[in-house]
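Visitor: I'm new to reading protein models, and I'd like to know how the labels get decided. Could you show me one and take my questions?

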Amino acid sequence: MFSPRLVLFEKGALDYELGKYIYNRFKNDSNVEIIKLSSNKIISSIPGENMYEKYRAGKKTLVVGVKKSLKFQSCKPSAHYQLPLVTGCMGQCEYCYLNTQLGNKPFVRVYANIDEILNQAKKYIQARSPEITIFEGSATSDPIPVEPYTNSLKTCIEYFAGEQLAKFRFVTKYNDIDSLLQVNHNSHTEIRFSLNTYSIINEYEHFTASAHKRIEAAAKLARHGYPIGFIIAPVFIYENWKEEYRKLIDMLHKTLPQDLKVPIGFEVISHRFTTKAKNTILEIFPETTLPMKEEERKFKYGQFGYGKYIYPNEQLQEIKNFFKEELSDKFKDAHIKYII
Ligand code: SF4
């Protein structure tokens, strides 16, 4: 669970029930400084001289805001729209895509006007009717660590349970999901867990839950009827990588219930980096041991116009063969969506 040191309320946030609720949660906590902003200049309220310091201070800062633009971003290919509930994350994963996406906004922001956000979702659902509309709740965040303060996921899961033409999904690296177990989800929400080996989590995914805890959380949700899925990412080739990923898949197999009604979805993504991401990572984590040597990778132009460094064909093929074999061996009904 997220324990912020600084909580900032943007103008208007305290007019909403959720804003007031969060304020009351922290107002008597002597470890937390509260600032009510009269303007929305958040970044100048966060201490730190440079990106390295701002990043660390930002990761301990919770901003309670109001989502003003209710034009949802598209979220291809995994969903139709991003559902804006939270941006940022308390985790400090060295390869997190948010480092480049939200580099100048490293804080965690939650939106207090959840009802307005869901009313807008309704309009998008109606516009696409009779097609199903899928909303992604974690496009720019990990929403689980702030759930104890907002209950926004609970509200959304209940809301989407009643929408026949909509589905909701999100992904997490955390295990604090107990408050979601008894929620009526009507199988309309899919909860995915991002996984990696012990060595990779230990080395690069600071302040996240262990793989074991994530898998146990997935098992609990599955027992409560939620569709679940796993993103194994980013996959690295290193000494003993096959043994370690095999161990991870074994742990999954042993921990998950065997009688799941919905097949488990798997997505496997090999490690890649862009020049921009590498530069940002080196600023925030100057001591990083992340393998980012361009000469060891293949350069590939991405669909969004910038290039990325991926594993060379032969290694990529080895990754594909390995995961296809291991996953289909352990999970006969697995739905392997892609291995890239
Ligand atoms: Fe980024 Fe996810 Fe790690 Fe948070 S848990 S820092 S969103 S990769």
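Visitor: What covers the buried residues of helix α10?

Guide: This is a predicted model, by the way. In it, the cover over the buried residues of α10 includes α2 (51-58) and α3 (98-101). The buried residues themselves are Ala277, Lys278, Thr280, Ile281 and Ile284, in a helix that runs over residues 275-284.

Visitor: How do you know that the buried residues of α10 line one face of the helix?

Guide: Look down the axis of α10: its buried residues fall within an arc of 165°, so they line one face.

Visitor: Which residues of α9 are buried, and what makes them a face?

Guide: Trp241, Tyr245, Leu248, Ile249, Leu252 and Thr255 are the buried ones. Seen down the axis of α9, they fall within an arc of 135°, so they line one face of the helix. The face turned away from that buried side carries the exposed residues Lys247 and Lys254.

Visitor: What do the buried residues of α9 pack against?

Guide: Quite a list: β10 (189-195), α7 (198-204), α8 (211-223), β12 (228-235), β13 (265-270) and α11 (313-330).

Visitor: Let's follow that last one. How does the span of α11 compare with the expected value?

Guide: α11 has 18 residues and reaches 26 Å from its first C-alpha to its last, close to the 26 Å expected at 1.5 Å a residue. Its buried residues are Leu316, Ile319, Phe322, Phe323, Glu326 and Leu327. Down the axis of α11 they fall within an arc of 130°, so they too line one face. Turned away from that side are the exposed residues Glu314, Lys324 and Glu325. The buried residues of α11 pack against β12, α9, β13, β15 (307-310) and β16 (335-339).

Visitor: Glu326 is on that buried list. Why is Glu326 called buried?

Guide: Buried means under 20% relative accessible area. Glu326 has 10% relative accessibility, so it counts as buried. Leaving aside its neighbours within four places in sequence, Glu326 is in contact with Arg246 and Ile249. Ile249 is one of the buried residues of α9.

Visitor: What about cysteines? How do you know that Cys75 is in no disulfide?

Guide: A disulfide needs two cysteine sulfur atoms within 2.5 Å. The structure holds 0 disulfides. For Cys75, the nearest cysteine sulfur, that of Cys156, is 14 Å away, so Cys75 is in no disulfide. Cys75 is also buried, because its relative accessibility is 11%.

Visitor: And Cys96, buried or exposed?

Guide: The value is 19% and the cut-off is under 20%, so Cys96 counts as buried. Cys96 is also one of the residues around the ligand.

Visitor: Which peptide bond is called cis at Pro77?

Guide: The one that joins Lys76 and Pro77, where omega is about 0°. Pro77 lies in the loop between β3 (61-65) and β4 (81-82). The bond from Ser129 to Pro130 is cis as well, with omega near 5°, and Pro130 lies in the loop between α4 (114-128) and β8 (133-136).

Key
Residues numbered from 1 in each chain as written. Predicted model: local features only at pLDDT ≥ 70, side-chain atom pairs only at ≥ 80, totals over all residues. Heavy atoms only, no water. Buried < 20%, exposed > 50% of the residue type's maximum accessible area, 1.4 Å probe, protein only. Helix = DSSP H or I, 4+ residues; strand = E, 2+ residues; numbered from the N terminus. Arc of directions from axis to C-beta. Contact = heavy atoms within 4.5 Å. Near = heavy atom within 4 Å. Expected span 1.5 Å × (residues − 1).
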